[in-house]
Amino acid sequence: MYSKPVLKQLKPYAQGKQTDEIKTAYNLDRVVKLSSNENPYGYSEKVKEYFTTYIPDFNVYPDGYATQLRQTITDKLQINESQIVFGSGADEMIQTICRAFLSPEVNTVMAKPTFTQYKQGAVIEGATVKEIPTQNGYHDLDKMFQAIDDQTSIVWICSPDNPTGTFLERERLLAFLDQCPKNVLVVLDEAYYEFVSEAATYDTLSLLKTYDNLILLRTFSKAYGLAGLRIGYGLMHESIATKLNIVRGPFNTTKMSQDMAVIAFKDDQFVNDVISQNQYVKGEFQLFLDDIGWPYYDTETNFILVKTPMSGTEVFEYLIRNGFIVRPGEMLGYPDTVRITIGLESEMEELKKCLYKLHVQINKEV
Ligand SMILES: Cc1ncc(COP(=O)(O)O)c(C=O)c1O
């Protein structure tokens, strides 16, 4: 059977281990999943309440234009209706962007390592991928700019970045956008944008007024806690949106995900609580890491990439035996690290105890 020859070089996305799988394999009663940067606080109570009386017409197709959700978002963000495209998560947006803007004739520039799906999508479309090594976990925007040539179609910027959590300062981003040729699409993946601290954050939405070649990617999966519903969106100039709307499936988001996202988007209190609690628990965890002398990358997200005194895979295996699932950095392009989602305060207290034991054990051996 014919398939794109390039598929022979690629593997399906290797997802983090599932909780039940680990419970059975390691004979554990309780497993804490800190591997996929999900929201440990769940999601808005208003969504839960709404859901109890919700009887959607599953027999009819959803509104492919997502009219109500579109209006809810445009009202709050004060942008034009034609500037939004929805996807089944930011993941599908990335796929759609690749499909629309990449082909074997062009190249695309991204950091190395960064979120894996940009490269996956680009390679499937046959585009040449130019990967620019990160500097201390930050995108090297100067080198990324230098990599742009006449055949460059897309530059991907993940800020805050996954897997490091680093966030690009406004001046650096603006300097890049100012230099970048206007015919090159810049995709700014802001999946974790809500988590950026008040001290560091700045308004990226207004950049759409100046840069017609910019897409901002956002999602309901992280701060809103709706990862299981699969809904995200891109904000962009109308001319780009038109192209993505040609490529995307006509009914690519479900009625249920649209309806729940409408409720979730209006519940600022829930998101604000999540953000402040994440900030607090993350700060406490950073203090603990400082105490045991394990360095970590700067992070403006709900996860942290920790430098480990042994391979990340060994730390991952130690933690999994103790009921914590994290991501070994070896899988993410950062050897000798683990990426840990910031969980609930109680979960992180348990994790600290567990890591402390490992720290003591290592020091005994030395
Ligand atoms: C940087 C980044 N972009 C996009 C996504 C995809 O998010 P979604 O759940 O909206 O598909 C993720 C998910 O982890 C991510 O980390």
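This is a predicted model: local features need pLDDT of at least 70, side-chain atom pairs count only at pLDDT 80 or more; totals for chains, interfaces and linings use all residues.

On the H11 side the contact is made by Val 281, Phe 285, Phe 288 and Ile 292, while H13 contributes Glu 345, Met 348, Lys 352, Leu 355, Tyr 356 and His 359. Sorted by class, the contact of H11 with H13 has 7 nonpolar residues, 1 polar residue and 2 charged residues.

Stepping back to the whole protein, the secondary structure comes to 13 helices and 12 strands. A compact globule of 366 residues would have a radius of gyration near 21 Å, and the protein, with 21 Å, agrees with that. The C-alpha trace spans about 60 × 55 × 55 Å along its principal axes, and 42% of the 366 residues count as buried. Among contacts with a separation of 6 or more, 73% are between residues 24 or more positions apart.

Which residues does Asn 39 touch, if we leave out those up to four places away in sequence? They are Lys 222, Ala 223, Gly 225 and Val 274. Asn 39 sits in the loop between strand S1 (32-33) and helix H2 (45-52), and its C-alpha atom is separated by 7.5 Å from that of Tyr 224, although the two are 185 residues apart along the chain. With 19 other C-beta atoms within 10 Å, Asn 39 is partly exposed.

Now to some details of the backbone. The peptide bond from Lys 112 to Pro 113 is cis, with omega near -10°, and Pro 113 lies in the loop between strand S3 (107-112) and helix H5 (117-124). Ser 159 and Pro 160 are also joined by a cis peptide bond, with omega about 0°, and Pro 160 is in the loop between strand S5 (152-158) and helix H7 (170-179).

Finally, Ala 66, which is not a glycine, has a positive phi of about 50°, and Gln 78 likewise has a positive phi, near 55°. Ala 66 is in the loop between H2 and helix H3 (67-77), whereas Gln 78 is in the loop between H3 and strand S2 (84-87). Are these two residues buried or exposed? Ala 66 is buried, because it has 26 other C-beta atoms within 10 Å, whereas Gln 78, with 8, is exposed.

Methods. Residues are numbered from 1 along each chain as its sequence is written. Helices (H or I, at least four residues) and strands (E, at least two) are DSSP runs, numbered from the N terminus. The radius of gyration is taken over C-alpha atoms; the globule rule is 2.2 Å times the number of residues to the power 0.38. A residue is buried if 20 or more other C-beta atoms lie within 10 Å of its own, exposed if 12 or fewer, and partly exposed in between; C-beta atoms are placed from the backbone. Two residues are in contact if their C-beta atoms, placed from the backbone, lie within 7 Å. Ala, Val, Leu, Ile, Met, Phe, Trp, Tyr, Cys and Pro count as nonpolar, Asp, Glu, Lys and Arg as charged, and the others, Gly among them, as polar.
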